[in-house]
Amino acid sequence: MQHRALTCARWLLAALLAGLLCADLLFPLPQAQLEQRGVQLVLARDGTPLRAFPDARHVWRHPVRLEEVSPRYIDAVLAYEDRFFYWHFGINPVALLRASGQWLRHGEIVSGGSTLSMQVARMLTPIPRSVTGKLLQIFRAVQLELHLSKREILELYLAYAPMGGVLEGVEAASRAYLGKPSLSLSHGEAALLAVLPQAPSRLRPDRYPQAAQAARDKVLQRLAAHWGERVIADARMEPVIAQAVREPLLAPLFAERMRRRHPGTPRIESTLDAAAQSLLEQLLAGRLAVLPPRVSLAALVVDNSSMEVRAYAGSADFSDNARFAHVDMVQARRSPGSTLKPFLYGMALDAGLIHSESLLADVPQSFDGYQPGNFQADFSGPVSVTEALRQSLNVPAVEVLSQLGAHNFTTALRAGGLKLDLPQGAEANLSVILGGAATSLEDLVGAYRALAAQGLAARPRYHASEPLQETRLLSPGAAFIIRDLLETGGPLGRHVDSSVASRRGLAWKTGTSFGFRDAWAIGVNDRYSIGVWVGRPDGTPNPGFFGANIAAPLLVDIFTALDLPAAVERRPPASVTAARICWPLGLRSSDTPPALCHQERTAWLLNAVAPPTFPDRLRPGPARQSIHIDARSGLRIRPDCHTGEAQPQLIARWPTALEPWLNSATRQRALPPAWSPTCGHDRSSSNQLKIFGLTPGEILHRSSAGSPPRLRLEARGGQGEQFWLVNGTQIGHSAAGKSFLHTFSSPGRYRVTVLDESGHYDSVDISVQ
C-alpha cells in the first residue's frame, strides 16, 4: 500500500512537472518586458538622465542595475515586501495561507501574500484580481524563478515597480520626486520609495506628503531591528518634500541622435557631462534675446585627450519651433567660411612652402579669372602669414592655396577626417578656402583638435565603448605653429599679448559664409576643443551677424564657464625653431646681404626650412636682380648704354603687385632708381595703365572759399576694376574708364596710385597746400 502511494506521488509530481513545462512552452514569458523594450533612457556619464523616451503607454522608466541602487532601498523593499525572497521559489506558502485565512475571515484582502516574484509577474503582464488571476500569478512567478536569477528578478522589480502617475521604477521616482539618483537615497527616502508601490496614486509625495510620510514611518518601524533605533529616529525626522514631476530634458537633440544610433537599447550611456551640458544650454538661452527670429545656435564641447563629447547643443531652444528647434545643426552640412584657413597654412608649412612670416600680397589679384576680395572690402598690402591668418584675409589665403593646390588640400583634409562636400559635379577649386564646400560643426571640432594634439585630428566620441579614431592632419610642428599664431601672434606676439584668450591658452578662428548664412567660431585649449555655429537652419541670410561679432564672444564665454585652469607654457617641438628672416626675399637674415634685407622679422621655421617668397606672378625673373646705375646721375641705365659709367648693383625686388603699397621709407630703399631718359627702358610696353589728368610734382591748393581740393581721379588702360590708393592706403575703386572723386583734406605730400585686377599700376606724386 505504501509502495502504491509512493508511486502515485511520483506520477503526480511528474505530471505536474510535465504540465508546468508544457505551460511554460505554450505561455512563454514576455520577452519585450523582460528586455524592457519600448522605453529608452539616455544618460550622462555620471548616470544623470538626459532624456527619457517613454514606451507606448507613455511610461517613464529608468532601467537600472542592482549596484546602482542604494542598499538602503534594497533593505527596505525586502524587509517590507518579501523577507524570504532569497529562500523561496517564487511563492511563499506560509504567506499565501495567512493571506487566504485573512480573506476568509474578514471578507476582504488584508495582506496580499505576494512575493516579489509574484509582484513582478503582475507588473510584466496584466493579471485579473481573482482566484484564477492569483493562480496565473503564481504560475508566472514560478516561471520567472525557472528562467531568471534572483538578481534579475529583483532588477525587474527595481525597474517596473509603480511609483505614481507615469513613473515606474525606483530610479525614475528618485530622479522625479527627489532630484537625485537612487544610489544616493537616505534611510528615510529609501523607506518612502519602498512603500510607494503599495498605493502609488494615494501615496505620491508631490501630492499627498502627509499620507506618504505616514506610510514611510510604517516601513521605518519594521526596519528598526535591522537599522537600529537611532537611525530610525533620525529618518523619521526627515520631512517628506518632493519636487514637481518633470520629464528630464537635457541635450534633447543629442538624446534623439543616440536613440536612433542605438535602436531598442533601454539604457544608453553617453559621454556627456551633465553639469557642462546645463551650463552650455544656459549660455545659449542667454543669447536668444539678441537673436533675430528664425536664428538658431549650435555648440559642441569635446575633451581633447579622449575625444569624448562633454556638451552638445544642436539648437538654441528645443521648445521654440520658430527657430527650427528640431534641426540638429551639429550634424548639418554648411559652408565653413574661413574656418579652414588654419589647416591651409599648416599644410603649406608641412609642404615647405612658407614659414610663419612669409611675405604674402593682400592686394587685388586675379587667379586665372578668380578674383577674391576681403570681408572688409579693402586691402592691406604686404602681410605675413601670421597677419593673414589672424586677420582672416582672403586674398593671401587664395595665394597660398594656388601654390599648394586645391585638389591636394581637399584630399588631405578628407584623409585627415574632415569631410568636405563639393557642389554636385564640381571639382575642388580655389573657392574652397573661402567656404566653397560644405562640412559640419562636428567635423570641424574634430579637425581643430589637431591643433591641441600634435596634429592628430579625431572623430568625436559619444559612447565610452566607441574606439578612439585618430588621423594625422598636420605634423606636430605645423600644429604647434598654427596654434601659436592663433593664440598669441607668433614668436613676438606671444610675449606681449595680455588678452584673456592668451592667458587661458585659447586659440580660435572665426568664419562667415557667403551672404551671412553661417557664423562660426572654433577654438582649442589644452583641455577642450569647442565649436559654435550661429545662423538660420533654413539657409536664409542673417545680415550683420558674422563669426567675430556673434560666435566668437559665445565661444569665449563657454570656455570661461567651464572654469578652465590657467594656460601652461608650451615649448616648441624639436622640429620648430625661431629665426630672423628678411623681406622681400623671405630667407634667413644670415643668408641675406644687408642691402637686400629691407625688413627683418622673427619667424617660426619648420624643420629649419626658410622658403623664399612666392615667385612674382606679374613679373618673370628672379627676385634678386642685378641692375646698372649711372655713376654721375644715379639713374638706372641699360648695361649696354655707353653714355656714362655703368655701376652694377644687386637689388631685391618686391612682388610687383606690392610695390604700390610700400611706405615711403621702404619704397626709397627697395625700388630701383628711375630710368635714365637717354639710356632707359620703355615702360609703356610693360605697363599700359596710366593716371590721366595729374602731373608728377603738381601742387594742389584750397579753393578761394577755403574748402580742401577735391580731385577727379581717372586712369586709362589696364584691365578690369581699378583700385585707388593714397600713400599706400586704399581709398576706393572704380570701373575701368570711370573716374573717382577724392578730397585731400590735409596739406602734405601724397602718392596717388591706381592698380588694376592684373596687378599693373601707375603712381603720381603730388602736394597739397
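Trainee: How many bridges join S12 and strand S13, and in which sense do they pair?

Mentor: This is a predicted model, where local features need pLDDT of at least 70, side-chain atom pairs count only at pLDDT 80 or more, and totals for chains, interfaces and linings use all residues. Residues are numbered from 1 along each chain as its sequence is written, and side-chain values use heavy atoms, with hydrogens and water left out. Strands (E, at least two residues) and helices (H or I, at least four) are DSSP runs numbered from the N terminus, and two strands pair if DSSP finds at least two bridges between them. For S12 and S13 (residues 518-524), the sense is antiparallel and the count is six bridges.

Trainee: Which residue in S13 is the bridge partner of Gly 511?

Mentor: S12 and S13 form a hairpin with five residues between them, and Gly 515 in that turn has a positive phi of about 75 degrees. Across the two strands, Gly 511 has as its bridge partner Trp 520.

Trainee: Why is strand S12 called largely enclosed by the rest of the structure?

Mentor: Buried means under 20% relative accessible area, exposed over 50%, and partly exposed in between (1.4 Å probe, protein chains only). S12 spans residues 507-512, and it counts as largely enclosed because the number of its six residues that are buried is five.

Trainee: What kind of aromatic pair do Phe 343 and Tyr 448 form?

Mentor: Rings of Phe, Tyr and Trp (its six-membered ring) pair if their centres lie within 6.5 Å; planes under 30 degrees apart are stacked, over 60 edge-to-face, and the rest tilted. Here the centres are 5.0 Å apart and the planes stand at 75 degrees, so the pair of Phe 343 and Tyr 448 is edge-to-face.

Trainee: Which ring does the charged end of Arg 601 sit over?

Mentor: A charge sits over a ring if NZ of Lys or CZ of Arg is within 6 Å of the ring centre and within 35 degrees of the ring normal. Arg 601 has its charged end 3.9 Å from the centre of the ring of Trp 583.

Trainee: How far apart are the sulfur atoms of Cys 582 and Cys 597?

Mentor: A disulfide is a pair of cysteine sulfur atoms within 2.5 Å, and a search of the whole structure finds one. Cys 582 and Cys 597 form a disulfide, with a sulfur separation of 1.9 Å.
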